[in-house]
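The paragraphs below go through the packing step by step.

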Amino acid sequence: MARTDALFLATEKYNGLLVTYPNNTADLVESAWNDDVSPDGDYDISISTDGHISLDDPSTLGEAFDQVGNNDTVSEKLNSYDAVLVIDNRNVSGGAGRAYVGTVGEDNALGYCQSDDVQLAAHELGHIYGASHEGDETHWQNFGAFSHDVMGYNGVAPSCNGNDPDLVRELRYMDCARNEIQDTIDSNL
Ligand SMILES: [Zn+2]
């Protein structure tokens, strides 16, 4: 596995802002990934930003995610990229982001983020590549359920690392996420 190629695809709500494409978010997620998921360079990611899609005024996360799943441009982009993450700029109810877990390389390897928040984008991208929440039982036994690391999730069980509130791992993929992502890449790509 030399490299996986992902696309951050902006919506019409993103277009027209000072920064037209979520380039900064893509760069930061790519950097975090290549530091933590691909320390030996075997699972490098390249995250591109190209094009826009328009959504039909979704009011909930579920509506937005359904529209992304039925979007022709997203389907077309999935012919060229291993994963597509749509980056929006609107308030939807019911959550900030969603993705199909472990689908990288498949025709539904997609996710949606309501904003270009870096940790949110890294989180949903991690899901597409097979990473689950750190709060899952098998994870917090090893690394603790953190709401601070990329795959952490609010409101989950306390940490096995002494539940240290100072042990902030913001924008870091921890070892469990790394292993899941590497296994998924090995089996899917
Ligand atoms: Zn999640």
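Helix 1 (residues 23-36) and helix 4 (residues 118-128) pack with their axes 9 Å apart, at an angle of about 55°. Helices (H or I, at least four residues) and strands (E, at least two) are DSSP runs, numbered from the N terminus. Axes are lines fitted to C-alpha atoms, for helices over the stretch in contact, and angles run from 0 to 180 degrees between N-to-C directions. Helix 1 and helix 4 are therefore oblique to each other; angles under 35 degrees count as roughly parallel, over 145 as roughly antiparallel, 65 to 115 as roughly perpendicular and the rest as oblique.

This is a predicted model, in which local features need pLDDT of at least 70 and side-chain atom pairs count only at pLDDT 80 or more, while totals for chains, interfaces and linings use all residues. Residues are numbered from 1 along each chain as its sequence is written.

Which residues of helix 1 meet helix 4? Thr 25, Leu 28, Val 29 and Ala 32 in helix 1 meet Val 118, Ala 121, Ala 122 and Leu 125 in helix 4 (contact means C-beta atoms, placed from the backbone, within 7 Å).

An open sheet is formed by 5 strands in the order 2-1-3-5-4, with mixed pairing; two strands pair if DSSP finds at least two bridges between them. The edge strands, strand 2 (44-53) and strand 4 (97-99), each pair on one side only. Strand 4 pairs with strand 5 (residues 110-113) in the antiparallel sense over 3 bridges. Gly 111 in strand 5 is the bridge partner of Ala 99. Helix 1 also packs on the sheet, where it touches strand 1 (3-11), strand 2 and strand 3 (83-87).

How values were computed:
Two residues are in contact if their C-beta atoms, placed from the backbone, lie within 7 Å.
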